There are 2 protein chains.
Amino acid sequence: MAQAGSLQALVDALRCLPGVGPKSAQRMAFHLLQRDRAGASLLARALAQALERVHHCSGCNNFTEAETCELCASDRRDASLLCVVESPADLLMIEQTHSFQGQYYVLMGRLSPLDGVGPEQLALDRLVRRALDGKVREVILATNFTVEGEATAHYLGELLRPRGLEVSRIARGLPVGGELEYTDAGTVAQALLERRAT
Amino acid sequence: MAQAGSLQALVDALRCLPGVGPKSAQRMAFHLLQRDRAGASLLARALAQALERVHHCSGCNNFTEAETCELCASDRRDASLLCVVESPADLLMIEQTHSFQGQYYVLMGRLSPLDGVGPEQLALDRLVRRALDGKVREVILATNFTVEGEATAHYLGELLRPRGLEVSRIARGLPVGGELEYTDAGTVAQALLERRAT
C-alpha cells in the first residue's frame, strides 16, 4: 500500500539526514505529523532560514551569517597562531577548553581519496593563502587521529613547511585521568614515543 | 562561543525529531549546510507540504491527503472486519502480509496513563462510532504485545463487546521458523496456553 504522496515525500526527504534510514525516517515523519506539528513547522522555517543566511567565513571557512565570523573579527585572538581543524564541531570543542587564544581554519572535511575528496575539494589553496597572510607564524594541525585525519595533517605539513611556516601537530598520548592498564596499546606506544622531558 | 543565530536555531529545531540529541542535531545541521543543501531545501519544502496536506482519514484515522483514504474508499475490502492497530507503521506491516482483506482503524497511540494518554486523548469514542456503523461484525485487536498495547486491547474489548460486536485478539506464540530452545519462556508459555486443536 502506497502512503499519501506528501507523507511519502517527507519520509524520503528525511533520509537526507545523516544516520537516518527508511524505518527512522518513517518514525520521524509519523512523530512530527501526529505529535509535534509546531516543531515540524519550526524546523521547516529554520532550514529555509539557515540555507539562506549561513555561509562560510571569509577568514576561517567556518559557518557564519556575517561576512567575517566573530572569532576572526576579534582583536583579542593571537593572529600568529592558526589552528587547522576538520569541522565546526572540532572548533567548538577546542574553544570549550579555553586553552587556545589563536585563530582557526576549518577544513570542512578531510582528505579522503576513496570518497573523492582531494586537495581541490577541500580548497586547500585557500588555507595556504590564509596561512601566508604575513601574520601567521605557526600552524597547529588539529585534524583527528584517524587515518584520513593523519593523512590530511601530513599533506598540510608538506604543503606549509616549505613556505617558511612553523607547523605543529597536537599531541597524542594518554587521556587526562587515563590509566595505562585500560588504554589501548597503540596509544600507550605513542605516549612513550612522544614522551617529553620534565 | 556561540554559533551563528540561524545555525543554532537549526540545531535546536532538529531536536524535535525523535531520538535526536544535541550532538546528532549539530552533526545533522553541519551535514546539511556543508554537504547537502539541496536535500535540506527539499526537506524544508516536504515538511511544509506535508503539514499543509496530510490529515487524518475520516474512516480509519490514518494519515491521508484525501477526505477518505484509498483503503477506506476501496470496495474490495471486507467491511465486516475492522482491524485496530496502534500506528500507521503497524497498518503497513499488516498490509505487507497480504493476509487481511478487511478495514482498519488506526489509534495513533496507545493507552498510557503515565504519559497522560487516556481514552479521551485517543478519541476512542470515534472508534466506537466507526465500529458501530452497522457493517462491522468483528473487531480484531492488533495492538502490540507490550504492557500498554495489552492494556489498550483489554480496554477496547470491554468497550466493544457489550455493544454486540465480536472482538478478537491477534495470536501470540512462536514465530514462524521459531525453535522452542531459543524462544523466551513467556512466549513459550503463551504458545502452550493458546494451543489450538488441529
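The model is predicted, so to speak of local features pLDDT must be at least 70, side-chain atom pairs count only at pLDDT 80 or more, and totals for chains, interfaces and linings use all residues. Residues are numbered from 1 along each chain as its sequence is written, chains are lettered from A and ligands numbered from 1 in the order written, and side-chain values use heavy atoms, with hydrogens and water left out.

**Chain A as a whole**

- Chain A holds eight helices and six strands; these are DSSP runs numbered from the N terminus, with helices being H or I of at least four residues and strands E of at least two.
- Along the sequence, the elements of chain A follow the pattern α-α-α-β-β-α-β-α-β-α-β-α-β-α.
- The radius of gyration of chain A is 21 Å, whereas a compact globule of 198 residues would have one near 16 Å; the value is taken over C-alpha atoms, and the globule rule is 2.2 Å times the number of residues to the power 0.38.
- The C-alpha trace of chain A spans about 70 × 45 × 35 Å along its principal axes.
- Of the 198 residues in chain A, 44% are buried (under 20% relative accessible area; exposed is over 50% and partly exposed in between, with a 1.4 Å probe and protein chains only).
- Carbon and sulfur atoms hold 53% of the accessible surface of chain A, which comes to about 10900 Å² (Shrake-Rupley method, 1.4 Å probe; for residues, only the protein chains shown count as cover).

**Strands of chain A**

- Strand 3 (residues 78-85) and strand 4 of chain A are parallel and share five bridges; strands pair if DSSP finds at least two bridges between them.
- A:Val84 has A:Tyr105 of strand 4 of chain A as its bridge partner.
- Strand 4 (residues 102-106) of chain A is largely enclosed by the rest of the structure, because five of its five residues are buried.
- A:Ser168 sits in strand 6 (residues 166-169) of chain A, and its 23% relative accessibility makes it partly exposed.
- A:Ser168 and A:Ile140 are 28 residues apart in sequence, yet their C-alpha atoms are 4.8 Å apart.

- In chain B, four strands make an open parallel sheet in the order 4-3-5-6.
- Strand 4 (102-106) and strand 6 (166-169) of chain B are the edge strands, each pairing on one side only.
- Strand 5 (residues 138-141) of chain B runs parallel to strand 6 of chain B and is joined to it by four bridges, with B:Ile140 standing opposite B:Ser168.
- Helix 5 (residues 88-96) of chain B lies across strand 3 (78-85) and strand 4 of chain B, at about 160 degrees to strand 4 (axes are lines fitted to C-alpha atoms, for helices over the stretch in contact, and angles run from 0 to 180 degrees between N-to-C directions).
- B:Pro88, B:Asp90, B:Leu91, B:Leu92 and B:Glu95 are the buried residues of helix 5 of chain B.
- Their cover includes helix 2 (22-35) of chain A (contact means heavy atoms within 4.5 Å).

**Where the chains meet**

- Helix 3 (residues 37-53) of chain A packs against helix 3 (residues 37-53) of chain B at about 145 degrees, with the axes 9 Å apart.
- Residues making this contact include A:Leu43, A:Leu47, B:Leu43 and B:Leu47.
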